[in-house]
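This report covers aromatic pairs, a surface patch and salt bridges. The sequence and structure come before the details.

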Amino acid sequence: MPFFALQDELLHLMDKRQITHFKIPSYKCIDRKDHIFYFRLDTINEYKEMKVYHYLGMDLYT
């Protein structure tokens with residue numbers, strides 16, 4: 001499944017679990033490495049319920 005198809009579900013799970021990263025395990029990747037994506041979470045003062053995730057980068061692990 002293409003990554004963009006999972007975007008809404010990933011954001012929902014990150015918000016629900018209050019985490020700022022997610023991992024794609026090696027067995028699901030062509031290069032057989034774990035991919036971990038990191039984000040910074042910001043809130044907007046005028047809209048407390050709105051959250052903005054900023055992509056920080058990723059790590060690869062074998």
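## Aromatic pairs

Phe22 is buried, at 9% relative accessibility; buried means under 20% relative accessible area, exposed over 50%, and partly exposed in between, with a 1.4 Å probe and protein chains only. The model is predicted: local features need pLDDT of at least 70, side-chain atom pairs count only at pLDDT 80 or more, and totals for chains, interfaces and linings use all residues. Residues are numbered from 1 along each chain as its sequence is written, and side-chain values use heavy atoms, leaving out hydrogens and water.

The whole structure contains 5 aromatic pairs. Rings of Phe, Tyr and Trp (its six-membered ring) pair if their centres lie within 6.5 Å; planes under 30 degrees apart count as stacked, over 60 as edge-to-face and the rest as tilted. Phe22 and Phe37 are stacked because their ring centres are 5.0 Å apart with planes at 20°. This pair joins strand β1 (residues 21-24) to strand β2 (residues 34-44), across 15 residues. Helices (H or I, at least four residues) and strands (E, at least two) are DSSP runs, numbered from the N terminus.

Phe37 is also buried, at 15%. Phe37 and Tyr55 form a tilted pair, with 6.5 Å between centres and 40° between planes. Phe37 lies in strand β2 and Tyr55 in strand β3 (residues 47-61), so this contact ties together parts 18 residues apart in sequence. Ring pairs link Phe22, Phe37, Phe39, Tyr53 and Tyr55 into a cluster.

## Nonpolar surface patch

Tyr55 is partly exposed, at 48% relative accessible area. Together with Met58 and Leu60, Tyr55 forms a nonpolar surface patch of about 290 Å² accessible area. Patches take residues with over 30% relative accessible area and no salt bridge, joining like charges within 9 Å and nonpolar side chains (Val, Leu, Ile, Met, Phe, Trp, Tyr) within 5 Å. Accessible areas come from the Shrake-Rupley method with a 1.4 Å probe; for residues, only the protein chains shown count as cover.

## Salt bridges

There are 3 salt bridges, each defined by a side-chain nitrogen of Lys or Arg within 4 Å of a carboxyl oxygen of Asp or Glu. Asp15 and Lys51 have their closest N and O atoms 2.5 Å apart. Asp15 is in helix α1 (residues 7-17) and Lys51 in strand β3, 36 residues apart. Both are partly exposed, Asp15 at 32% and Lys51 at 38%.

Lys23 and Asp34 form a salt bridge at 3.7 Å, N to O. Lys23 is in strand β1 and Asp34 in strand β2, so parts 11 residues apart in sequence are tied together. Asp34 is buried, at 16%. The salt bridge of Asp42 with Arg40 is at 3.1 Å, N to O; Asp42 is partly exposed at 26%, as is Arg40 at 41%.
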